[in-house]
Amino acid sequence: MQEIAHLPRLMTAAEFAEVKCQRVSAGEDCDADFTATELANMAAGESVDWVGLATQTGTQQQHNVSVAGGTGGTHYRISGSALGVEGVAKNDSFDRYTFGLNLAQDFGTRLKVGTTTQLSRTDRSGLSADFQDAFRMNPLTDAYQADGSLTIYPWEEDTFFANPLQGLLVTDDDITRRVFSSNFAELQLPFLPGLSARVNAGLDYANGRLGRYYGRDTRTGFAAGGRATTRDVSRSDWTLENLLRYTRSFDLHTVDVTALYGVSGHTQEDERLTAEGFPNDVLTYYQPNLAREFDPSHGITESNLISQMLRLNYTYASRYLVTLTARRDGYSGFGRNHKYGVFPSVALGWDVADETFWPFADRFNALKLRVSYGKSGNQAISPYRTLARLTDESYVDDGVSLPGFKPATLGNPELRWETTTTTNVGADFGLLNDRIRGTLDVYRSRTSDLLLNRAISPTHGIDVVTENIGVTSNRGVELSLSTLNVETPRFSWRTDFNVAADRSRIVDLYGNGEDDIVNQWFIGQPIDVNYGYAFDGIWQESDDIANSAQPTAKPGDVRVRDVNGDGTIDPEDRTFLGRVNPKYTAGLGSTVTYGAFTLNAYLYTVQGVTRANELLADNLGDDGRYNTILKHYWTPEDPINTYPANRPGTRLGLPVAYYQDASFIRLKDVTLSYTLPQRLVGQLGVGALRVYLDGRNLWTHTKWTGLDPELRSQYSTPLERSFVGGIDVSF
């Protein structure tokens, strides 16, 4: 079962009416400010909870079965699963059926072949409500007509607004079929003991078909005379790797050498058709030939990678370890002279606790020290960024349709690999016979030639270009601990703890040491920053506004911090507002076992994050057309210093955002399970049986006032809290 974890408090109809009246007419003679629909609902005491109408108690069920076995040189595992989800948003469903086969076959002692293959069918059919509209829709409007059907225009006097629930009436079929297959053949070569050759071949192919139809019972379809969209997307990813590996041990030495040559490719083809104006809604999206207007499109994207690698692992006396690696990778999406990058690395390890002179063997039973240095590459850009491209801009001249094109992107033939150089020092340790085990890593990295989209002047019609820009540095620390706190024959308690902190900053951008304010990139700051005007409270009647940096302000307006103290609010007063990236993240898991019962719990926290909360913006509209969360406004009688007066223009034309602490502590998972004793299991005729109850996202502590501090948009589908009951049985 799934339910909404948290919803912000939206205004009811009565609260909305009061706020709108105050906003538009200062609380006097307000009837003229409301439409007939609003007045009728006010008189009837009606209030539409649009988010409530768009949500439900969700359900989820999953069934898995597998059979494994083998005989002689054959080993197999056959599995199947079925997953069905009805989300907390109405009409938000997800169904997936999967069949898997793992098969390995030995041919004598030298040759082994195998496959891991999976077939799946995923059904994402169904269109949920528009949650941005649901959160903002006037509660004094009509969701349903007298006959119980959804209204096309819930606010009859303002046809700008569609019914947020119209998606529930849309025909939407969205099905994807996928084949994933990873195959190998490994041969022990006869002429040199320890030398083997292996070939890995993989294919991931998916085909998705979407059919969507807006009928005349929706605003979209009503205005267009029916609107249909069909889409056929096929994606293919393939990989072919050839490996040679040589392993040998002699005396105290062990050598392991691996050489790789691999190629991979990606192809995606996308065919779409949008059509409008149909004689009726009977055939939904199956009638594009009858459309009055249609717009077809077709696109294909291809890219390839070539990888070469040589790695040497050397161990002496099982205590001293050396790993040397060199990679050479090529990406088709880079410029002609920059397709390849070389990325070497070296790693050293020392098992100190295995030394005879180690004096703390009674406490530290394990201690391995590690240090590594290396480079890695990133090619995370889509293909064709090196090319200048055009987009279709066909036009009609004297009744004749003519082809036309306009620039879409600027090409950059100098695009190349983004390179990160990292130094890592770490330790793996065990204390008190591994009752305490842990890993500590401290790292520092430097990234150059970052692949970023840079905003440029739009005077020539294009406002962004992809470039290799600047240098950044990162430093951080990660610690994980696993402890066995209590252990008796009937009772045990284990904990797992991890914490990580990372700091990043821009070292340089264009070689001149200057910031790029347009893109909000600043030397010494992270790439992602909160940058803008700082909220500094509310102007009060007792303040000397005339002689302030905002002389045109009125009591109740937003006060902006004069950062540079020059007595004027201008772009020079923009500043950094908190952190986008957290100061640290941490997790704590605890497992308690008593007899056949096991209780697991996991806490997760993100601390030191500041984000702009879009729900706190002045989003009522000048004429009070939109709903919003219930807010405490400034008034002369209640001169608060946290939120401005309920009137338009309180920010004086300045883009002042409301930032909040988005840190949180979350109880992500709690599971209670019971494993039946063998004497009972045997009577049931099964090998093992376990029942469990699991709760997810049960509790969150945060100062954030929106849907959830982790959600990118506070107008999206709400985060759910789920309760899962299950049975595991084996024969």
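Modeller: Let's start with the second largest pocket: E10 supplies the largest share of its lining, seven residues. Helices (H or I, at least four residues) and strands (E, at least two) are DSSP runs, numbered from the N terminus. This is a predicted model, where local features need pLDDT of at least 70 and side-chain atom pairs count only at pLDDT 80 or more, while totals for chains, interfaces and linings use all residues. Residues are numbered from 1 along each chain as its sequence is written, and side-chain values use heavy atoms, with hydrogens and water left out.

Colleague: Which residues are the closest to the centre of the second largest pocket?

Modeller: About 550 Å³ of space lies in the second largest pocket. It is lined by 19 residues, and Ser297, His298, Gly299, Leu390 and Thr391 are the closest to its centre. A pocket here is found on a 1 Å grid over the protein atoms alone: an open set of points where a 1.4 Å probe fits, with protein on both sides within 12 Å along at least five of seven lines, and lining residues have an atom within 4 Å of a point. Grid points are joined across faces, edges and corners, and the volume is the space filled by probe spheres set on the points.

Colleague: And what classes of residue are in that lining?

Modeller: Six nonpolar, nine polar and four charged. Ala, Val, Leu, Ile, Met, Phe, Trp, Tyr, Cys and Pro count as nonpolar, Asp, Glu, Lys and Arg as charged, and the others, Gly among them, as polar.

Colleague: OK, what volume does the largest pocket have?

Modeller: About 760 Å³. The largest pocket has 30 lining residues, with Gln62, His63, Asn64, Ile727 and Asp728 nearest its centre. E32 gives the most to that lining, nine residues. By class, the lining has nine nonpolar, 17 polar and four charged residues.

Colleague: Switching to rings. How many aromatic pairs are there?

Modeller: The count is 22 aromatic pairs, taking rings of Phe, Tyr and Trp (its six-membered ring) with centres within 6.5 Å; planes under 30 degrees apart count as stacked, over 60 as edge-to-face and the rest as tilted. One of them is Tyr331 with Phe334: the centres are 5.1 Å apart and the planes at 80°, so this pair is edge-to-face. Both of those residues are buried, meaning under 20% relative accessible area, with exposed over 50% and partly exposed in between (1.4 Å probe, protein chains only).

Colleague: Why is the pair of Phe343 and Trp417 edge-to-face?

Modeller: Because the planes of Phe343 and Trp417 are at 70°, with the ring centres 5.5 Å apart. The pair links distant parts of the chain, 74 residues apart: Phe343 is in strand E12, Trp417 in the loop between strands E17 and E18. Both Phe343 and Trp417 are buried.

Colleague: Which residue lies over the face of Tyr340?

Modeller: Arg328, at 4.0 Å from the ring centre. The rule is NZ of Lys or CZ of Arg within 6 Å of the ring centre and within 35 degrees of the ring normal.

Colleague: Last one: is Asp158 buried or exposed?

Modeller: Asp158 is buried, at a relative accessible area of 15%. Asp158 is in the loop between helix H4 and strand E6, and its side chain makes a polar contact with the side chain of Arg625 at 2.5 Å. Such a contact is a pair of N or O atoms within 3.5 Å; within protein, one must be able to donate a hydrogen and the other to accept it, and residues adjacent in sequence count only if both atoms are side-chain atoms.
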